[in-house]
Amino acid sequence: MRLPNQTEGLRFRLVLKPGFALGPGKADLLEAIAETGSLSGAGARLAMSPKRVWNLVREMNTAFRDPLVETEKGGTGGGGSARLTPIGRLVLDRYRAMEAETNARIAAGVAELRGLLRDEG
């Protein structure tokens, strides 16, 4: 697990309403669901427990007017699937665009501040 102060650069987190924020963890989860087609696959990719994945998906689906993630149960052996809804794709794409725009705007300032840091030694 990455901690906020162990990752270089901006950690872009939007508090969209009291009690709900959209940040890198949720965006990474949406992206992993889109790429793997399953909640368990997304959880495994991000080293997230199934309970944590379900909680985050439930939180996002409840916060927005329409769900961001749809799931289908599998057959007798399990193996259900998950996918982003059109609004889920829109939310992920807009978040990533805002994140990239913000990083580009602050790049010079970040470089200047890094230049003032002590050398590791």
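Lys26, Leu29, Leu30 and Ile33 of helix 1 meet Val53, Leu56, Val57, Glu59 and Met60 of helix 3, where contact means heavy atoms within 4.5 Å. By class, this contact has seven nonpolar, no polar and two charged residues. Here Ala, Val, Leu, Ile, Met, Phe, Trp, Tyr, Cys and Pro count as nonpolar, Asp, Glu, Lys and Arg as charged, and the others, Gly among them, as polar.

A word on the source: this is a predicted model, in which local features need pLDDT of at least 70 and side-chain atom pairs count only at pLDDT 80 or more, while totals for chains, interfaces and linings use all residues. Residues are numbered from 1 along each chain as its sequence is written, and side-chain values use heavy atoms, with hydrogens and water left out. Helices (H or I, at least four residues) and strands (E, at least two) are DSSP runs, numbered from the N terminus.

Two packed helices are described by the angle between their axes and the distance between the axes. The axes are lines fitted to C-alpha atoms, for helices over the stretch in contact, and the angles run from 0 to 180 degrees between N-to-C directions.

| Helix pair | Angle | Axis distance |
|---|---|---|
| Helix 1 and helix 3 | roughly 100 degrees | within 11 Å |
| Helix 1 and helix 2 | about 125 degrees | 8 Å |

Helix 1 is thus roughly perpendicular to helix 3, but oblique to helix 2. Angles under 35 degrees count as roughly parallel, over 145 as roughly antiparallel, 65 to 115 as roughly perpendicular and the rest as oblique.

On the helix 2 side, the contact is made by Asp28, Leu29, Ala32, Ile33, Glu35 and Thr36 of helix 1 with Leu39, Gly41, Ala42, Arg45 and Leu46 of helix 2. These residues divide into six nonpolar, two polar and three charged.

Now to helix 1 itself. Its buried residues (under 20% relative accessible area, with a 1.4 Å probe and protein chains only) are Pro24, Lys26, Ala27, Leu29, Leu30, Ala32 and Ile33. Their packing partners include strand 2 (20-22), strand 4 (81-84) and helix 4 (86-115). After helix 1 comes glycine 37, with a positive phi near 75 degrees.

Strand 3 holds valine 69, which is buried, with a relative accessible area of 5%. Not counting residues up to four places away in sequence, valine 69 touches Leu30, Ile33, Leu39, Val57, Asn61, Ala82, Arg83, Leu84 and Thr85. Valine 69 and arginine 58 lie 11 residues apart in sequence and 8.8 Å apart in space, C-alpha to C-alpha.

Technical notes
Buried means under 20% relative accessible area, exposed over 50%, partly exposed in between (1.4 Å probe, protein chains only).
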